[in-house]
Amino acid sequence: MLVLRLLNVVAPAYFLCISLVTFVLQIFVFIPSMFRDPSTTSLFSPALLHGALFLFLSANALGNYVLVIQNSPEDLGKDLNLGKGAEVADWLDGSRSPGSALPGTHFCRLCARVTQRHDHHCFFTGNCIGSRNMRNFIMFCLYTSLACLDSLVAGMAYISATLSMSFVDPLAFLTLLPHSISQFFSGALLSSEMFVILMLYLWLGIGLACAGFCCHQMLLILRGQTRYQVRKGMVVRARPWRENLQEVFGKKWLLGLLIPVQNVESSYRRQKEK
């Protein structure tokens with residue numbers, strides 16, 4: 001449990017550091033290098049267009065990240081009158097099933113609360129993902145993967161111009177890291193350039209992980225399931241996939257795709273139906 005609590009602190013700090021480094025590289029390194037192209041007008045220059053796109057993706061990613069933390073699943077332990085005595089100990093050691101008190105509930109050891117429609121505990125946000133913040137979590141994963149892809153493309157363009165190399169051959173990116181390491185230790189590559197190359201692979205890994213996690217969560221939402229239910233082998237009532245999507249994203253789902261907003265329409269809808 002101590003390791004998990006430590007991870008609950010280190011993971012958000014790691015994400016914020018990566019976000020800060022990405023922002024600095026984009027604003028002070030990649031975008032200024034795009035202004036050197038004299039063939040484009042200042043109004044529709046690649047630098048301005050790329051900067052606007054990056055700021056849009058970053059604002060949505062960080063905005064939904066904050067909403068995931070702020071919109072914590074409500075503690076149903078108060079409603080269930082669990083108290084702080086022997087009944088809480090039953091929840092902690094697993095001798096009492098959360099479903100015996102209220103269907104679809106789960107006690108998180110790290111958050112020390114009982115949540116409705118529990119999906120999983122996200123260490124990168126230090127918070128549980130449930131009915132209140134699932135939509136924001138999906139948007140956070142989506143825009144984080146897009147921001148990493150945008151940074152990856154901009155970083156490759158910067159490295160291509162700086163080192164006078166081409167990424168037309170797919171093997172060029174796969175062999176970039178080992179060749180760069182050998183050149184770095186031989187003194188032929190600057191430390192700043194080596195740092196950008198390392199960030200390229202980091203953006204690729206984070207982007208693929210977030211994209212895969214987003215697709216997996218969307219598949220579970222279409223089925224009307226949560227990761228906790230799948231892990232425990234719980235059987236859920238079959239519902240049309242449109243209702244499952246509306247329960248998570250609400251009727252004004254298009255607004256949530258453009259700006260980070262809280263979804264207030266889907267709160268405990270399933271609990272009310274039961």
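Visitor: In which helix does proline 46 lie?
Guide: In this predicted model, the helix that holds proline 46 covers residues 46-70. Proline 46 has a relative accessibility of 34% and counts as partly exposed, and its place is in helix 2.

Visitor: What distance separates the C-alpha atoms of proline 46 and methionine 34?
Guide: Proline 46 and methionine 34 are twelve residues apart along the chain. Methionine 34 is among the residues of helix 1 that meet helix 5, while proline 46 belongs to helix 2. The separation of the two C-alpha atoms is 6.4 Å.

Visitor: Is helix 1 roughly parallel or oblique to helix 5?
Guide: Helix 1 (residues 2-34) and helix 5 (residues 134-163) pack with their axes 10 Å apart and at an angle of about 40°. Angles under 35 degrees would count as roughly parallel and those of 65 to 115 as roughly perpendicular, so the arrangement of helix 1 to helix 5 is oblique.

Visitor: How many nonpolar, polar and charged residues does the contact of helix 1 with helix 5 have?
Guide: From helix 1 the residues in the contact include Phe15, Val29 and Phe30, and from helix 5 they include Phe140, Asp150 and Tyr158. The crossing of these two helices, helix 1 and helix 5, is left-handed. By class, their contact has seven nonpolar, six polar and one charged residues.

Visitor: Is arginine 239 buried or exposed?
Guide: The relative accessible area of arginine 239 is 14%. The cut-off for a buried residue is under 20%, and therefore arginine 239 counts as buried.

Visitor: Which residues do salt bridges that share partners join into one network?
Guide: Side chains of opposite charge can pair when their charged atoms come close. The side chain of arginine 239 meets that of glutamate 243 in a salt bridge of 3.5 Å, N to O, and arginine 239 also forms a salt bridge with glutamate 247, where the closest N and O atoms are 3.2 Å apart. Glutamate 243 is partly exposed at 38% relative accessibility, whereas arginine 239 and glutamate 247 are both buried. The network joined by these shared partners consists of Arg239, Glu243 and Glu247.

Visitor: What is the phi of serine 164?
Guide: Serine 164 is found in the loop between helix 5 and helix 6 (170-174), and with 68% relative accessibility serine 164 counts as exposed. Although serine 164 is not a glycine, its phi is positive, at about 55°.

Conventions. Residues are numbered from 1 along each chain as its sequence is written. This is a predicted model: local features need pLDDT of at least 70, side-chain atom pairs count only at pLDDT 80 or more; totals for chains, interfaces and linings use all residues. Side-chain values use heavy atoms; hydrogens and water are left out. Axes are lines fitted to C-alpha atoms, for helices over the stretch in contact, and angles run from 0 to 180 degrees between N-to-C directions. Helices (H or I, at least four residues) and strands (E, at least two) are DSSP runs, numbered from the N terminus. Angles under 35 degrees count as roughly parallel, over 145 as roughly antiparallel, 65 to 115 as roughly perpendicular and the rest as oblique. A crossing is left-handed if the near helix is turned anticlockwise from the far one by less than a right angle, and right-handed if clockwise. Contact means heavy atoms within 4.5 Å. Ala, Val, Leu, Ile, Met, Phe, Trp, Tyr, Cys and Pro count as nonpolar, Asp, Glu, Lys and Arg as charged, and the others, Gly among them, as polar. A salt bridge is a side-chain nitrogen of Lys or Arg within 4 Å of a carboxyl oxygen of Asp or Glu. Buried means under 20% relative accessible area, exposed over 50%, partly exposed in between (1.4 Å probe, protein chains only).
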